[in-house]
Each structure stands twice: as structure tokens, then as C-alpha cells.
Amino acid sequence: MRYVDLFAGLGGFHLALDDLGHKCVFASEINDELRKLYEKNFGISCSGDIRQIDPKDIPEHDILCAGFPCQPFSKAGSQEGLAHPMLGDLYLQILKVVKVHRPQFLILENVPNLKKQGNGRSWEIIKSSLEEEGYNVDIKEISPHQYGIPQVRYRVYIIASINPLGDISKKLRLGRRPKIINLRSALYTDPPDFRPVTSELMEKIETWQEFLNLIPKNEHIPLPLWGMEFGANYPYKDTPPASLPEEELREYKGSFGRDLKFASNKEEMIKMLPPYARSGLSSFPNWKVKYIDNSREFFSKHKHLLLAWSKKIEAFRPSFQKFEWNCHEKDPMQECRNLRNYVIQVRPSGIRVKRSSTSPALVAMNMSQVPIIMWENRYITPSECKRLQSMDDLKFLPESLTRAYSSLGNAVNVVVARRVALALVGRANKENDEVISLSVEDFHEGFKGENMYI
């Protein structure tokens, strides 16, 4: 069948659909560098901004694929959804193409929060608009690890067809439990794009290792743990501190127990509070109250162990003062609590520690958020990220490390896209529709080189 690849990026949908024997007749990507790479990688011209293209100029096609921008729907973004002044209307550009060409199948990809954004309003608008065009519509949340790839990265796939969809979940085989290949299988032993962790960052990580060494092995560590709450007693359950009168606020302690009465004015007092507690909102959300509660209770219980240690992280940036230990009961290495055995990612939410079996989700990250392979004291490389996105067949990436990481974080995972396309559309050779594994075997085959862990 003929397909179009809108918001094409690195071409994840192209790799998936071509592997099933379908033919790309049109691609569109606003980023000039990615557009040129698309042409180098696939040998076809890639058009620019979809908003500048008349849908009538797009060739007839049977399948429309689009990983449309996620920023309006992401929890890390503005969450304006379809109301976003620039990016929110890009779905409407897809709809314009649909109205003109009425392809038989649609495969749209975005972040999981799209389904919840605006209390589900954005998803309802998208669903109803497609149903009005005569499509049967479903939405599925899928992660590469469900098909054996060592990356937990959930995305929603909006699946639409002129014909009845049938049992899409069964076709996707989401109920099966494939063997997940350990992350080490995706790592090169001596990658050419090796980038070591700086001594400055390692010093901060080692400070949190000291914390783990202090806490009894059988003690549950709150997730997340906010170090700024160690010694703090400012009010937060009924009235946020920023809304209190200056004289009343002086009676409390801010981050790490700093006494607010010594501040010269209220503005200085607010700066002595944790960044997340400086808002003038009428009340904190329940999740924030819970995190503060848990962190204060933990410190109160272990104050005799942590009082001196907590002074070491006071000078850290806020993202290094928070700790996310994602390695509780299910991890066989729980007893050792040695950070050298784990994968670490530094996020605005804190130092996130993950089990070594899978990679954290690859997102459109800046350089500081790239996952760290702690047992090798290095960041995961773009070539390894490419492998985790099932893009081994992609020859060219952006030359800049930052842009390579970002484009891979934005990319559609090829194994997932192929599985979705197979369930919805099938192979070009219909006789082979049922002949597909969960991709674990394919993944293993790609990792049997002499320079791989296996």
C-alpha cells in the first residue's frame, strides 16, 4: 500500500512500513536538518512545514502515519493540548489531509498524557473528529519493552480504519509477556561515541551513595525523596507559605531547616523555601502534600543518621537535592544498594535510579538528561539510543550530539510502529501477515557481533 509520513523526524514510521513491504509516496518534516537526513537515509524528497502544504498536492495514499508534536500534551510541557497557539493545531493539519484523501488507515503517535490532557477533552475531540469522517477509532498505550526491547517508553497510538477494527489488542499481542533482553545486550563494549561522566557530577552521585550506605538495608526509601524537606517545618497542607503574612512566616524554617526569621524581608524568606513551595497558589495539590509528608517523616525517623550528611547537598542545584530510588522489592540487587549497578538519569525531578534491565524512556532530552551507564561511568551513546529505538538500519544521524539525542528521543520506535502497522494494515504480502515474532529474536540477531554484550 501507499503511505505518507507526516512529522517524519528520523523516519521511524518509514522504517516500519517499508519493512512490511509498503511504499512511501510523501514525507513532511519542518526541521531542515532532519529533512535532509531523511532524503539521505531513504532516497526520497521530504517536504517542509505541513502548514504550508496544500493537502491536494499530497499524493493519493492508503495509510497516513504521523507522530505529531507532543509538547502541548506532555506532562513536561505546557499541557495546553489542542488549544496550543502553534503546535496544538497541527492535528488539524492531519485532519485536513484526511478530509481530502480519506486514506483507509491512520496511525498517529503521541505521549500517553494526550489521553488525559484537559480531563480527556483533547482525546475526545480527536476521536469524534475522526468518527465524523467515517473512521472506526481506538487508542492503545504501548511500550517497546512489551515486545522485548529493553526500554520502558510508553506512547499512545491512535489507530483508525474505514473498516471495523476487530480485536486490536489481540492483534497487537499486548497480553503476552515476551522475554525482555537485558539492557547490557544493547550496549557496545567500546563505543566510538563514548562520553564519560564528569568528575563534578560523579561527586554528587557519590554523595547520594553515602546516603544509601547510611540507611538500613530494610528501610523503605520514599519515592521521590526531597532533601530540601530535611529540617523544614513551613506550613503546606492548608495554607502555602508564600501566602502567609511576613511576621507569621518568620516563625518557620525553610529548606534544610534554614531559620526564616533571619531573612531581611519576605522576598528573602521565599527564596529560602524549596522552589516547589514558592508558589502563591491557594493550596498545594495532593501529590505535593504527600511527597512533602513522606520526606519529612523519613528525615524525622533517621535524623540521627542524616543531619550531618544533609549539609553536603545544601549547595547542590535543586535537581541534585531530590532522589528517586526506583529499585525496590522487584530488584534482586536491592540488598547491595550500590549505584554502580544501576542506570541513572538526572531529571528536573531529581537523580533517578533505575534497574539495569531496561533503559529509562528516551525523551527529547538535553545533554544533562542522557541516561548514565553507571557500571561503565559513561553516558549511553547515540548509537546505542538508535538501537533502543530499533533504528539499526538508519545510516545517518545529526552530527551534533545534542541534536542526535533529541531527535532519537522524539523518534517513533520502529518495532512498536511495525507491530501496530502489522495489526492494522498487514504486510504487503498478505500470505505472511501472521508470520512475525515479538521481535525478540530479531533483536538478538542484531546483537551477536563480537563487540557486543550477549
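**Close-up views of a predicted model**

View 1. The model, a predicted one, holds one cavity of 30 Å³ or more. A cavity is a set of points, on a 1 Å grid over the protein atoms alone, where a 1.4 Å probe fits but cannot get out; lining residues have an atom within 4 Å of a point. The largest cavity has a volume of about 40 Å³, volume being the space filled by probe spheres set on the points, which are joined across faces, edges and corners. Its lining residues are Glu109, Ile142, Pro144, Arg153, Arg155, Tyr157, Asn413 and Val416. By class, four are nonpolar, one is polar and three are charged. Ile, Pro, Tyr and Val count as nonpolar, Glu and Arg as charged.

View 2. For Cys46, the nearest cysteine sulfur belongs to Cys24, 8.3 Å away.

View 3. The pLDDT (the predictor's confidence in each residue, from 0 to 100) averages 86, and 86% of the residues score at least 70. Over residues 72-81 it stays under 50; this stretch has 32 contacts (heavy atoms within 4.5 Å) beyond four places in sequence. Residues 433-454 also have pLDDT below 50, with 57 contacts beyond near neighbours in sequence. Where pLDDT is low, the predicted coordinates should not be read in detail.

**Notes.** Residues are numbered from 1 along each chain as its sequence is written, and side-chain values use heavy atoms, without hydrogens or water. Local features need pLDDT of at least 70, and side-chain atom pairs 80 or more; totals for chains, interfaces and linings use all residues.

Conventions
Disulfide = S-S within 2.5 Å. 1 Å grid on protein atoms, 1.4 Å probe; cavity = no way out; pocket = protein on both sides within 12 Å on 5 of 7 lines; lining within 4 Å.
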